Amino acid sequence: MNATVKLEKKHFPVLLNELNSIISPLYSGTFIDCTFGQGGYTNQILKNKNNKVIALDRDKKTSINVLNFQNKFKNNFLFKNIKFSKINTLNLENEKLKAVIFDLGYSTNQIQDPDKGLSFSSKGKLNMQLGLNEFSAHDVINKLNSKDLEKIFKYFGEENKSKIISKKICQMRKNKIIQTEDLVKIINKIKFNNKSKIHNSTKIFQSLRIFVNNEVSELIYGLINAFNLLPVGGMIVVVSFQSIEDRIVKYFFKNYSEIKNPSRYLPKRSDEIALFDQVKSKPIVPSKKEKKINPPSRSAKLRYAIKINKSGDFTEFIKKFQNLLDIENLSKKLWKSLYLLLY
Ligand SMILES: C[S@@+](CC[C@H](N)C(=O)[O-])C[C@H]1O[C@@H](n2cnc3c(N)ncnc32)[C@H](O)[C@@H]1O
């Protein structure tokens with residue numbers, strides 16, 4: 001029985017062999033694993049004794065895994081409970097930094113953790129905080145107005161019933177505080193004849209998770225800061241699981257790997273110099289076998305690039321996704337309403 005529980009909670013690292021073959025030519029140096037989780041990637045990198053890993057995770061609960069790694073790998077392993085957008089606060093003075101790796105989203109044990117409430121089969125208060133958060137999904141659903149909820153559902157969940165779902169939420173909350181089961185009920189009632197293969201609630205739950213965890217700004221600033229930390233020749237690797245993340249990563253690598261200078265006789269502007277090499281237009285995806293063994297891997301996409309220029313100007317990148325960042329900024333409104341309620 002116990003063995004079964006343990007097995008259920010184990011996180012299978014996605015695209016591990018593919019990651020290994022991409023980064024192994026860089027071995028003998030320091031790697032930043034921005035999303036430590038259960039340490040699948042870190043463990044693979046530390047199989048080579050000349051490597052060191054600085055691992056980050058926003059979830060304090062990962063510290064259970066951290067202790068084992070500290071005992072096993074001693075000074076070759078360092079853990080920080082920070083968000084990866086703050087990667088620029090690391091002291092890397094004596095490190096030979098080789099690559100920064102992101103395996104986005106959440107791990108199997110997090111989705112199975114009832115306290116986190118990431119799953120639509122959870123019961124009770126909505127949550128969805130991965131760690132180091134300022135508010136929960138409960139606050140979002142019970143406080144933001146219908147128009148703001150609609151934007152979150154539409155842009156972060158790509159849900160085409162966003163308007164009616166937001167309206168129904170605001171109607172229901174006149175009489176009661178909305179819990180996870182209430183939200184699922186509202187969605188099921190509206191999407192009763194949904195023919196899609198994905199669960200009725202998937203898109204709304206995804207949008208809330210992105211909003212609660214500031215996943216758009218985390219990724220945008222995580223990528224920019226990773227670029228700024230790396231030496232020329234260093235690599236950024238990202239495994240993403242949903243289309244918004246992949247769009248951001250693809251744009252970041254592709255846009256800055258093309259030389260846009262219209263004429264070789266004109267001097268190059270700083271935003272016209274290619275910053276990355278080895279950018280493949282197609283992502284690496286799991287094999288049929290991996291998808292069968294580990295179904296959550298089915299939507300994974302791995303992209304990577306090598307830094308070839310010292311500094312870059314990322315104004316255009318930020319501007320490109322400003323509409324999504326503006327939606328994330330609705331959290332300031334929410335914050336104010338929570339703050340006014342408390343004081
Ligand atoms: C898919 S799991 C990583 C699994 C890991 N590669 C492994 O093999 O065990 C993603 C992890 O990233 C963490 N995470 C998500 N967003 C983060 C962020 N912005 N900063 C730091 N950690 C983050 C989550 O808490 C979770 O533990």
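Guide: This is a predicted model. Start with strand β1 (residues 30-33), which is joined to β2 by four bridges, the two strands running parallel.

Visitor: Which residue stands opposite A55 in β2?
Guide: D33 does.

Visitor: Which residues sit on which side of β2?
Guide: K52, I54 and L56 are on one side, V53 and A55 on the other, and all are buried, which leaves both faces covered. Side chains in a regular strand alternate between the two faces of the sheet.

Visitor: OK, the core. How many residues has the largest nonpolar core?
Guide: The largest nonpolar core has 79 residues. I101, I236 and V237 have the most contacts inside it.

Visitor: Which helix gives the most to this core?
Guide: Helix α11, residues 215-229, with seven residues. The core also takes at least three residues from each of domain 1 (6-109 + 215-312) and domain 2 (134-212 + 323-342).

Visitor: What does I101 touch?
Guide: Leaving out residues up to four places away in sequence, I101 touches F31, I32, D33, C34, Y41 and V237. D33 is the residue that stands opposite A55.

Visitor: Switching to helices. Why is α10 largely enclosed by the rest of the structure?
Guide: Because ten of the eleven residues of helix α10 (residues 202-212) are buried. Among them are K203, Q206 and R209, along with I204, F205 and L208.

Visitor: What follows α10?
Guide: N214, whose phi is positive, near 50 degrees.

Visitor: Now Y256. Where is it?
Guide: Y256 is in the loop between α12 (243-255) and β6 (276-277).

Visitor: Buried or exposed, Y256?
Guide: Y256 counts as buried because 25 other C-beta atoms lie within 10 Å, and the cut-off for buried is 20 or more.

Visitor: What does Y256 touch?
Guide: A274, L275, F276 and G312, again not counting residues up to four places away in sequence. Y256 and A274 are 18 residues apart in sequence, but their C-alpha atoms are 5.3 Å apart in space.

Visitor: Last topic, the ligand. Which residues come nearest?
Guide: P13, T35, G37, G40 and D103, out of the 23 residues around the ligand.

Visitor: How does that shell divide into nonpolar, polar and charged?
Guide: Seven residues of the shell are nonpolar, ten are polar and six are charged.

Note on methods: Residues numbered from 1 in each chain as written. Predicted model: local features only at pLDDT ≥ 70, side-chain atom pairs only at ≥ 80, totals over all residues. Core = buried A, V, L, I, M, F, W, Y, C linked by C-beta atoms within 7 Å. Buried ≥ 20, exposed ≤ 12 C-beta atoms within 10 Å, placed from the backbone. Domains from an automatic or database assignment. Contact = placed C-beta atoms within 7 Å. Near = placed C-beta within 6 Å. Nonpolar A, V, L, I, M, F, W, Y, C, P; charged D, E, K, R; others polar. Pairing = 2+ DSSP bridges.
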